[in-house]
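This briefing goes through a predicted model.

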Amino acid sequence: VVILVVLQLWLLTATMNDLVARHGKPIMVVETGYQFDDPQAGKLAMDDVIARTKALGDKGLGVFYWEPIAHPKWSRYQLSSMNDQGQLTAAMDAFKH
């Protein structure tokens with residue numbers, strides 16, 4: 001298990017390629033998220049993460065959004081994908097395939 005925090009999307013591809021090259025194991029992106037109050041940018045970011053993971057071919061296993069239903073008013077978690085009305089935002093549309 002390799003635990004890695006990548007805060008810049010442009011580093012994600014290089015980091016994933018490095019991990020695959022070094023360890024020869026498939027990659028799964030877990031605990032990703034985006035600011036709940038900018039759902040369109042969140043969708044673009046998730047589209048990007050998913051595309052970068054798919055570009056690894058059989059070494060890209062998938063992407064998990066961390067805690068998408070954490071209501072920002074109740075949990076104070078800012079990287080959820082739920083708006084103030086308790087509805088999932090457009091960021092989750094990136095996971096429709």
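**Helix α1**

Helix α1 covers residues 9-23, and at 1.5 Å a residue its 15 residues should span 21 Å; the end C-alpha atoms are 21 Å apart, so the two values agree.

- The buried residues of α1 are Leu12, Thr15, Met16, Leu19 and Val20.
- Seen down the axis of α1, these buried residues fall within an arc of 130°, so they line one face of the helix.
- Trp10, Ala14, Ala21 and Arg22 are exposed and sit on the face of α1 turned away from its buried side.
- The cover over the buried residues of α1 includes β1 (27-32) and α2 (39-54).
- Gly24 follows α1 and has a positive phi, near 65°.

**Nonpolar core**

- In soluble globular proteins, nonpolar side chains tend to be buried together.
- The largest nonpolar core has 15 residues, and those that touch the most other members are Met16, Ile27, Val29, Met46, Val49 and Val63.
- At least two residues of this core come from each of α1, β1, α2 and β2.
- Which residues does Ile27 touch, not counting residues up to four places away in sequence? They are Met16, Leu19, Val20, Thr53, Leu56, Lys59, Gly60, Leu61 and Gly62.
- Among these contacts of Ile27, Met16, Leu19 and Val20 are also listed as buried residues of α1.

**Aromatic pair**

- The count of aromatic pairs comes to one.
- Tyr65 and Phe95 form this pair, which is edge-to-face, with 6.3 Å centre to centre and 80° between the planes.
- Tyr65 lies in strand β2 (residues 60-65) and Phe95 in the segment after α3 (72-75), so the pair ties together parts that are 30 residues apart in sequence.
- Is Tyr65 buried or exposed? Tyr65 has a relative accessible area of 10%, so it is buried.
- Phe95 has 27% relative accessibility and therefore counts as partly exposed.

**Gly86**

- Gly86 is found in the segment after α3, where Phe95 also lies.
- The relative accessible area of Gly86 is 33%, so this residue is partly exposed.
- From Gly86 to Tyr34 the separation is 52 residues in sequence and 16 Å in space, C-alpha to C-alpha.

Terms used. Residues numbered from 1 in each chain as written. Predicted model: local features only at pLDDT ≥ 70, side-chain atom pairs only at ≥ 80, totals over all residues. Heavy atoms only, no water. Phe/Tyr/Trp six-rings, centres within 6.5 Å; stacked < 30°, edge-to-face > 60°. Helix = DSSP H or I, 4+ residues; strand = E, 2+ residues; numbered from the N terminus. Buried < 20%, exposed > 50% of the residue type's maximum accessible area, 1.4 Å probe, protein only. Expected span 1.5 Å × (residues − 1). Arc of directions from axis to C-beta. Contact = heavy atoms within 4.5 Å. Core = buried A, V, L, I, M, F, W, Y, C linked by side-chain atoms within 4.5 Å.
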